Amino acid sequence: MSRTKSERPAGMRLGLALACVVFSVSCVLWGVSVWLGRTFNINFQEILYTMTSPLVGTDAGVALKCLRACLPHICLAALFVLTAAALVVLQRRFTAALSFQFRGRRRQADLFLLARRSMAVISVLALCWAFRALYVNLRVGQYIELRRNPTTIYEDRYVDPASVSITAPDRKKNLIYLCLESMETSYASEEAGGRQPEHNYIPNLTALAQENLSFSNSDRLGGFRAVSGTTWTMGAIFAATSGLPFSFPVGENAMNRHSEFASGCTTLGDILEENGYRSMFLCGSDATFGGRRLYYQQHGNYEICDLLTAREEGYIPEDYKVWWGYEDAILYQIAKDKLTVLAGSGQPFSFTMLTVDTHHVDGYVCPLCRDDYDSVTGNVVSCADRQAADFIRWCEEQDFYDNSVIVITGDHPRMDTSLVDGLDYRDRTVYNCFLNCEAPARAVNREFTAVDLFPTVLSALGFEIEGDQLGFGVDLFSGSDTLSEVMGFQALDEEFAKYSPFVEEHLS
């Protein structure tokens with residue numbers, strides 16, 4: 001049955017509206033894809049985890065920067081919509097003007113039909129192009145290919161911490177674990193071992209590494225490389241405290257739906273809790289973001305101090321929020337107060353804090369930042385370097401220092417390209433430094449990853465580990481070869497990226 005005259009214009013308007021929606025969505029997806037590709041060094045696994053994790057506390061500035069980058073694509077979408085609107089207006093006018101001219105009306109109907117169909121085709125092609133851009137920029141194909149090929153590394157090489165003997169020392173040492181957001185050795189000068197030709201943006205951290213213990217992939221300042229499953233904050237935290245890469249199927253471990261985090265894993269927090277430690281986690285954002293609250297509460301019964309508790313305890317006003325929550329200058333003030341309380345409790349303690357000012361994109365310029373460099377990120381990193389050194393000096397003056405091991409590490413390399421543009425992500429190493437530890441037999445020219453920090457930190461505290469391995473991590477103090485030294489980094493990276501039924505059956 002043919003449509004009536006009144007139905008035809010309505011159908012045309014509906015078709016054009018649908019084409020406008022498809023084209024606009026395509027432009028936004030295209031813009032986001034281009035921005036992600038130019039700004040970040042992230043893969044599809046990280047995107048999936050972030051999307052399925054609690055997003056409470058996410059910095060709105062990231063979204064605004066993405067929106068600004070997408071403005072040209074939004075303008076293109078607006079032009080398409082205006083063209084469609086003009087087409088509707090023109091057809092109405094031509095229809096009225098040619099209502100008594102059958103041939104003229106027929107010709108203009110054909111022209112408008114061709115225009116509508118052309119716009120529909122353009123919108124579909126734009127959508128295909130946008131999905132292709134996302135597919136390429138986020139390396140979706142690589143993710144799918146690796147997930148389709150299961151690995152047997154868990155069955156072959158995984159050591160369950162619950163199955164080996166872990167003996168605590170007679171005198172238990174405290175642990176102060178300072179995790180510096182995106183702190184990598186590339187910020188140092190080339191002379192010191194970094195990748196900066198003109199400046200050393202982290203002179204204080206460089207000096208701490210040289211004067212104390214720092215495991216290095218070279219004979220100068222170096223560190224560990226980010227293996228698959230450890231390239232974002234929660235993945236890195238999980239790996240460094242469990243000896244495992246974050247390789248849970250997203251659907252099985254989506255933090256916004258589950259009440260448990262890696263219930264089959266034995267972690268650093270679990271072991272310290274079993275040995276009478278009082279543990280605390282401090283961060284300058286909402287700890288719910290990324291599943292951190294869930295993880296630390298369920299593995300070690302950590303006391304959580306975050307943006308919400310800082311407001312409740314009067315460190316900041318109720319409506320205070322900058323960057324991801326509050327800046328590191330306030331974080332260090334709170335850290336000193338909390339450490340003083342922990343030291344007076346009479347229990348051995350484990351204190352972990354996560355900084356935030358150096359987070360992508362570019363970092364947060366706080367009141368303590370100086371304008372020493374042309375780069376915003378350079379000034380932010382330099383400020384973070386000074387604040388960390390000041391905090392360590394404060395710790396050295398406290399009574400609890402002599403019986404405490406201080407560990408300073410980054411979590412992962414930068415996700416944006418500030419200060420590291422043109423450098424291969426896998427070749428950039430993450431900073432580490434251990435204070436109040438005996439020097440191991442092999443500290444330089446090592447190949448290691450975040451998973452090796454788990455047994456290494458325990459060993460630094462004086463724990464004896466049967467077999468020197470926990471999870472996939474090998475105690476760097478033992479002198480034993482790490483898995484990345486035995487297998488090669490590339491091979492280990494590929495195995496960690498693959499799917500494993502073992503994870504679902506035993507660790508989730």
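Predicted model: local features only at pLDDT ≥ 70, side-chain atom pairs only at ≥ 80, totals over all residues.
**Overview. The whole protein chain, by the numbers.** Residues are numbered from 1 along each chain as its sequence is written, and side-chain values use heavy atoms, with hydrogens and water left out. The chain has 18 helices and 12 strands (DSSP runs numbered from the N terminus: H or I of at least four residues for helices, E of at least two for strands). Of its 508 residues, 56% are buried (buried is under 20% relative accessible area, exposed over 50%, partly exposed in between, with a 1.4 Å probe and protein chains only). Take the contacts with a separation of 6 or more, and 75% of them link residues 24 or more positions apart (contact: heavy atoms within 4.5 Å).

**Close-up 1. E181, tucked into a loop.** E181 sits in the loop between β2 (174–180) and α8 (203–211), and it's buried, at a relative accessible area of 2%. Its side chain has polar contacts with the side chains of S182, at 2.7 Å, and T233, at 3.2 Å (N or O atoms within 3.5 Å; within protein, one must be able to donate a hydrogen and the other to accept it, and residues adjacent in sequence count only if both atoms are side-chain atoms). Skipping residues up to four places away in sequence, E181 touches T233, T355, V356, T358, H359, D411 and H412. As for D411, it is 230 residues from E181 in sequence but 5.8 Å away C-alpha to C-alpha.

**Close-up 2. R386, a buried arginine with no salt bridge.** R386 belongs to helix α14 (residues 376–396). R386 is buried without a salt bridge, and D372, the nearest side chain of opposite charge, is 4.4 Å away (a salt bridge needs a side-chain nitrogen of Lys or Arg within 4 Å of a carboxyl oxygen of Asp or Glu; Lys and Arg count as positive, Asp and Glu as negative, and His and the chain ends aren't counted). The R386 side chain does reach the backbone oxygen of L368 at 3.4 Å, and it has a 3.0 Å polar contact with the side chain of S382.
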